[in-house]
Amino acid sequence: MPTMPWWSQEVGPMYEFVIALLVGVSAFFLLLVGIIIISKGWREIVEARLRLRRAELEPGFFKYAVGKEALEKYLPRPIHRSERVLVERIFFEMGRVVKGSVRERARDAFEKLGFVDHYLANLESRRWWTRAEAAEKLGLMGSEKATRSLIDHMNDPVPEVRVRVARALGNIRTSEALRPLTLALKDPGRWSAIRVAGILIGAGDESVEILLQEFDHFPQHAKISAIDIFGRIRSLKAISLLRDLLKHQDADIRARAAFALGSIGDPTSASHLGDALKDPAWFVRAMAAKALGRLKEEGSIEALCTSLADPQWWVRANAAEALKNKGERGMSALLAMLDSKDTYAAQQAVQMLQESGVLDSMIARLASEEGRERQLALDVMAKLVKLKRTDLLTEIAHNHPEGSIRQRLAIILGLRVQPHPTA
Amino acid sequence: MRQFLIDAIIVFNDFVLVYFLSLNTIYFLLFLVSLVEVLKFIKRTFFSDYQQILQSDMTWPISILVPAHNEEKNIVETVRSLQLVNYSEFEIIVINDDSTDRTLRNLVDAFDLRRLDKVYKRSIPTRPVRGIYGSLTHQNLTVIDKERGGKSDALNTGINMARFPLFCSVDADSIIEDNALLRVVKPFMEHPAEMVAVGGIVRIANGCEVHEGRVSKIHLPPRALPILQVVEYLRAFLTGRIGWSVMRSLLIISGAFGLYKKSEVIEVGGYDSESDTEDLELVVRLHENCRRKKMKYRIVFVPDPVCWTEVPNTFQILRRQRNRWHRGLLQSLWRHRRMLLNPRYGVIGLVAFPYFVIFEMLGPFIELTGYISVPLAWYLGILNLQFFILFFALAVLYGVFLSVAAVLLEEISFRRYPGWLDLARLMVYAVLENFGYRQILSAFKVKAFYDFVRRRRGWGEMKRRGFGKRSPA
């Protein structure tokens, strides 16, 4: 008879251990099931209660918003402390759709009901999320009473709170808040920068003044954010700085400055951007080409044609796109580029001519009764054949509804003439 | 011989107990880590200004890549759903990998496409492209028709064509939610220099109502097999991937939905056409490359951006799918075996790789050997039935506990299945999966190991029914 191992004995430490485990896991399992059921049930009860109370109180809030009396006059009963969330929700929703005096009435109600004081106290909480929520709510309430405390919290150790505070100050829109807000751009996270930038853009030209004053003191990432803000606001005041920045030692800054100049759209920046097309960093050249595409001027067409032969694909692609945006003269330049000795440039030009529909109009001219028009179209087609960029032509040769065009294209492409598929 | 068998079973059972305790301890720790992370995530979600990402010029544009092979049933619906995605600047690139059905024709007809002579940069070598299609009316849509090269090759072609710095791979049989891109891009906005890849959660669309490219009503599938997979996916994503992501050792970003920094992917040569699970292989190579460069990097999972996909509804298709998944895992583990227990690869080499080798690779063998050893022990007269029942009950209860824990995470966070009936069904199937389903999956994995050793490859056919008004079970 072999010696019995531990797991085959009736009673032993391992046996007891497994039983203990079984009991422990069962207890945990029951706990989980209990939590799931209770949390789901509780949530449904709370939501149902809120729905009922909302139906009861909401009409009173709307009457208050458009009326002149104090809030108590319009409500069927006093508001309980537990109904704060509901009251906030109704007012915030109202604030989203209605502006002006309704927002002021809501703000007065928040102050009188003690909500502003409540969140001001929460702003001092030890928990960062409580402080962040308080800042958020104070911003939505729009009470100027909170401005000083919010400014003090611009130095909060937690970035999320700082961003919320910045946003709240942006919502309150006091000019006092703008300088601390611009300083919040110094936070290294792109996420923070995006949100702070959003607020500053909302403040418009007023923030440009402060950003211009602070610009030299900013670290590199904040400079980039500030440049983006200038572009988004389309601030004419920033043009001179942006042109200077095209010569900055940092290539990222040069690239963003080029992009911002394009967003502002001032045609007098074209020559500066034209110079940037020769920048040693390819992404600066790419941004300059993109920016030139946004300017309503034609002086840069020649420089853009040269960029179609740039060694970097992105620069070529942006230059072609820019030429497409230049209207008729840009298109003519693209057509002329079909003769370029640089294959890349010619291919890029073909793509843009196809994407912009210019090639379709050329194909339509094949059926023109005017000899010169037809010849021009035939020349373009011949160039495409020479460049071996005939995918679109081949498809049209098979599917075009007009027989004469199908026939001409088939001859150009050396295809057998086919009947139209729907014929 | 008898004595040898008895000794072997004794040693094996000792080993099983240690193995069982270690595995379940890891699972439990993963659950705890995930619980904390989900609670933090809920808090963070309150502070998420997705609208600002949407409006900002500083948000990175995204190229969405959709590889398609014989996807005529879903492809138009998928592209339509992608066009409705809430994001400021994006392009959609569908790569038709030599479909033999009407995939390309349906796209051409639905979006008024025509062949264009597009110029693009061939950063990664791929099979030849037959044609590139674009439309004057849908400017951000490009369709590439290419020779057959498999999903990896199709994705690599898409990467070559992509214009933007981030690309998102989406399966052609999947639907991503409106805000999914905004949510999945957020980690890139928070850590632009370090972020390399972000994965989103994949949920099961079988049984859901799909209307105009959107999942309009969420239901559990009516049939058992897809529900079992719902429970499995919840456990895998909500406890597994969140936990691994927190530990910075996420090895899998689902091919159905992931966002990558293009430059990093090009640097590792793109997707590997030799692998059966190109998604896993890519993530492993990204880890390897970043660790080798000693760069500070992040590859994370975000449980919020949702991608809906159809899962197999027959055991035959499920077998093929799981066979491929497991074979792919084994291929990657074998190919990157130098990372195993190599301190140079940090937590990936010292924790994630050993876990995958010991528990994912060997687990199915140990489980099946366990099932065989029980009747053998009974035959040899060394089985204590009472203890066996207790141990089996413990194993089942633990499995149920982990599945219910995943349901709890779902319930406290995302609550995609709002009805009581759905919740009750999830709980019931969390119990049922331990009786048959789990064992069948283990058998599939053992077969996959055999196929791996025999160097059998291939995807096998995955039949789709397509998203109808109500997606079938």
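**A strand residue and its surroundings**

Reply: Happy to. Let's start with Leu141(B), which belongs to strand S5 of chain B, a stretch covering residues 141–146. Please keep in mind that this is a predicted model.

Leu141(B) has 21 C-beta neighbours inside 10 Å, and because the cut-off for a buried residue is 20 or more, it counts as buried. Setting aside the residues within four places in sequence, the contacts of Leu141(B) are Val79(B), Ile92(B), Phe111(B) and Ser135(B). For a sense of scale within the chain, take Phe444(B): it lies 303 residues from Leu141(B) in sequence, and the C-alpha atoms of the two are 39 Å apart.

Chain B contains 15 helices and twelve strands. Its radius of gyration is 23 Å, close to the 23 Å that the globule rule gives for 473 residues, so chain B is as compact as a globular protein of that length. Along the principal axes, the C-alpha atoms of chain B fill a box of roughly 80 × 50 × 45 Å. Of the 473 residues in chain B, 49% are buried. If you look at contacts in chain B between residues at least 6 apart in sequence, 80% of them join residues at least 24 apart.

Elsewhere in chain B there is a hairpin to look at. Strand S9 (residues 209–211) of chain B and strand S10 (residues 214–217) of chain B run antiparallel and are joined by three bridges. Within this pairing, Val210(B) stands opposite Val215(B) in S10(B). Two residues separate S9(B) from S10(B) in the hairpin, and in the turn Glu212(B) has a positive phi of about 50°.

Chain A is built from other elements: it has 23 helices and zero strands. The radius of gyration of chain A is 34 Å, whereas a compact globule of 423 residues would have one near 22 Å. Its C-alpha atoms fill a box of roughly 90 × 90 × 50 Å along the principal axes. In chain A, 39% of the 423 residues are buried. Among contacts in chain A with a separation of 6 or more, 61% come from residues 24 or more positions apart.

The two chains also touch each other. Their contact takes 45 residues from chain B and 46 residues from chain A. On the side of chain B that touches chain A, the elements giving two or more residues include helix H1 (2–46), strand S3 (114–116), strand S4 (129–134) and helix H13 (385–412) of chain B. H13(B) provides the largest share of that side, with 15 residues. By type, the residues on the side of chain B that touches chain A divide into 27 nonpolar, eight polar and ten charged.

The largest nonpolar core has 228 residues, and the members that touch the most other members are Ala258(A) and Ala349(A). The largest share of this core, twelve residues, comes from H13(B). Around Ala258(A), leaving aside neighbours within four places in sequence, the contacts are Leu246(A), Leu273(A), Ala276(A), Val284(A), Met287(A), Ala288(A) and Ala291(A).

Technical notes: Residues are numbered from 1 along each chain as its sequence is written. Chains are lettered from A and ligands numbered from 1 in the order in which they are written. This is a predicted model: local features need pLDDT of at least 70, side-chain atom pairs count only at pLDDT 80 or more; totals for chains, interfaces and linings use all residues. Helices (H or I, at least four residues) and strands (E, at least two) are DSSP runs, numbered from the N terminus. A residue is buried if 20 or more other C-beta atoms lie within 10 Å of its own, exposed if 12 or fewer, and partly exposed in between; C-beta atoms are placed from the backbone. Two residues are in contact if their C-beta atoms, placed from the backbone, lie within 7 Å. The radius of gyration is taken over C-alpha atoms; the globule rule is 2.2 Å times the number of residues to the power 0.38. Ala, Val, Leu, Ile, Met, Phe, Trp, Tyr, Cys and Pro count as nonpolar, Asp, Glu, Lys and Arg as charged, and the others, Gly among them, as polar. A nonpolar core is a set of buried Ala, Val, Leu, Ile, Met, Phe, Trp, Tyr and Cys residues joined through C-beta atoms within 7 Å. Two strands pair if DSSP finds at least two bridges between them.
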